[in-house]
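This briefing covers a ligand site and a strand arrangement. The sequence and structure come first, and the notes follow.

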Amino acid sequence: MAVSGPEVLIGRGLLKDAILPEREERRRVAVVTDAGADGIARPLVVQFEEAGMVAGLVEIPVGEAAKSLAVAESVFEALNRLGLSRGDTVVAVGGGAVTDLAGFVAATYLRGIEAVYCPTTLLGAVDASIGGKTGVNVGGKNLVGVFAHPSRVVIDIGVLENLPTSLTAQGMAEALKAGLIGDPELVDLLEEDGLGADLEQVVRRAVAVKVQIVAEDFRESGRRAALNYGHTIGHAVEIGAGLSHGEAVAVGMVAAGWISTEQAGFSEQDRVLSIISQLELPVRLSTALDPARVLELVRLDKKRDADGIRMVLLEAIGVPVVRAVDEATVLAGLQAVSPV
Ligand SMILES: NC(=O)c1ccc[n+]([C@@H]2O[C@H](COP(=O)([O-])OP(=O)(O)OC[C@H]3O[C@@H](n4cnc5c(N)ncnc54)[C@H](O)[C@@H]3O)[C@@H](O)[C@H]2O)c1
Ligand SMILES: [Zn+2]
């Protein structure tokens, strides 16, 4: 089913100007943020007050700790206190954890009110804020949530230019993924300029890949699966080795690239390895993982179905295919990223 997505604004300094879409009935705004982004969120509260609205700041815990039903409930209560009604707006200012949680709250409060996202991490900008998946962790990651788009996504490149290198590298992992599955020129750009690549170009291109794929397959019945490239083994090593998501996806893309070379005729694995290294991301694990544990984690992942383990492979850069693979193949991919 094709669903039209939000308006995505990308530019330097966007948060300094009015960021909300025109809306006659809007009186109140709740700005949801965390400690890592509240320096960016506070001036927005002032901006909304100066525009005549009642605005409140709702601070949630940092990182994955924010994505729980308990935190969602505390934000619902804050919205009650602020007196938000159907015509009002939740503005999420932060990384993917903030937009996932605030998006879930907005999509369910009063059966759905407007959300606007201001992603403040590169990963948030190129991935989490695009595509309409919202949710919280209940037992497993993202197991409870709804598909709902914000009305607008405002990506201020100036904010992204000031990120610590580790957060930039994490976002670059997802940008590289976008390039590998849908934009060979983005891969060229990352190959030429590494972490110094022009962020506006990187964001525009990576967002365009995701927007295009999501428009074709909002509820992930087919083509959207390509966005999971590097995530099957990636998620397993994220949990198993305690890597950050971006690092895990980098390792997962190396493993998937190796399997693609063996099974799908992919011929550019060496190039991908050198790009990942240039982005200061790992190409292998630093400690060995128990293969049985990795298989268990892969089986638990949502990408399983009756045919076995479904993985996204590359026939070429820009040409992803979804294949059912057996456990021996997954283990061979793991071997390719195990410590030497
Ligand atoms: N909805 C989706 O489609 C989707 C896609 C990808 C990832 N995600 C989710 O996104 C989350 C990961 O996103 P993330 O990497 O942005 O993590 P995050 O939101 O946890 O942010 C990472 C850290 O950066 C800090 N931070 C935020 N903005 C900052 C800034 N401008 N300067 C300095 N520090 C800043 C945060 O406080 C946090 O400590 C995960 O929960 C993941 O499940 C969702
Ligand atoms: Zn990811």
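In this predicted model, an oxygen atom of ligand 1 is 2.6 Å from an N or O atom in the side chain of T121. This is a polar contact, that is, a pair of N or O atoms within 3.5 Å. Ligand 1 alone exposes 860 Å², of which the protein buries 82% (Shrake-Rupley method, 1.4 Å probe).

**Ligand 1**
- The side chain of K67 has a polar atom 2.9 Å from an oxygen atom of ligand 1.
- For D34, an N or O atom of the side chain is 3.0 Å from an oxygen atom of ligand 1.
- Around ligand 1 there are 23 residues, the closest being E64, G96, T120, T121 and K141 (a residue counts if one of its heavy atoms lies within 4 Å).

**The sheet**
- Six strands make an open, parallel sheet in the order β1-β8-β5-β4-β2-β3 (strands are DSSP runs of E, at least two residues; two strands pair if DSSP finds at least two bridges between them).
- β1 (7–11) and β3 (54–59) are at the edges with a single partner strand each, so one side of each has no neighbour in the sheet.
- β2 (residues 28–33) runs parallel to β3 and is joined to it by six bridges.
- T33 has E59 in β3 as its bridge partner.

**Basis**
- Residues are numbered from 1 along each chain as its sequence is written, and chains are lettered from A and ligands numbered from 1 in the order written.
- Local features need pLDDT of at least 70, side-chain atom pairs count only at pLDDT 80 or more, and totals for chains, interfaces and linings use all residues, while side-chain values use heavy atoms, without hydrogens and water.

Technical notes:
A polar contact is a pair of N or O atoms within 3.5 Å; within protein, one must be able to donate a hydrogen and the other to accept it, and residues adjacent in sequence count only if both atoms are side-chain atoms. Helices (H or I, at least four residues) and strands (E, at least two) are DSSP runs, numbered from the N terminus.
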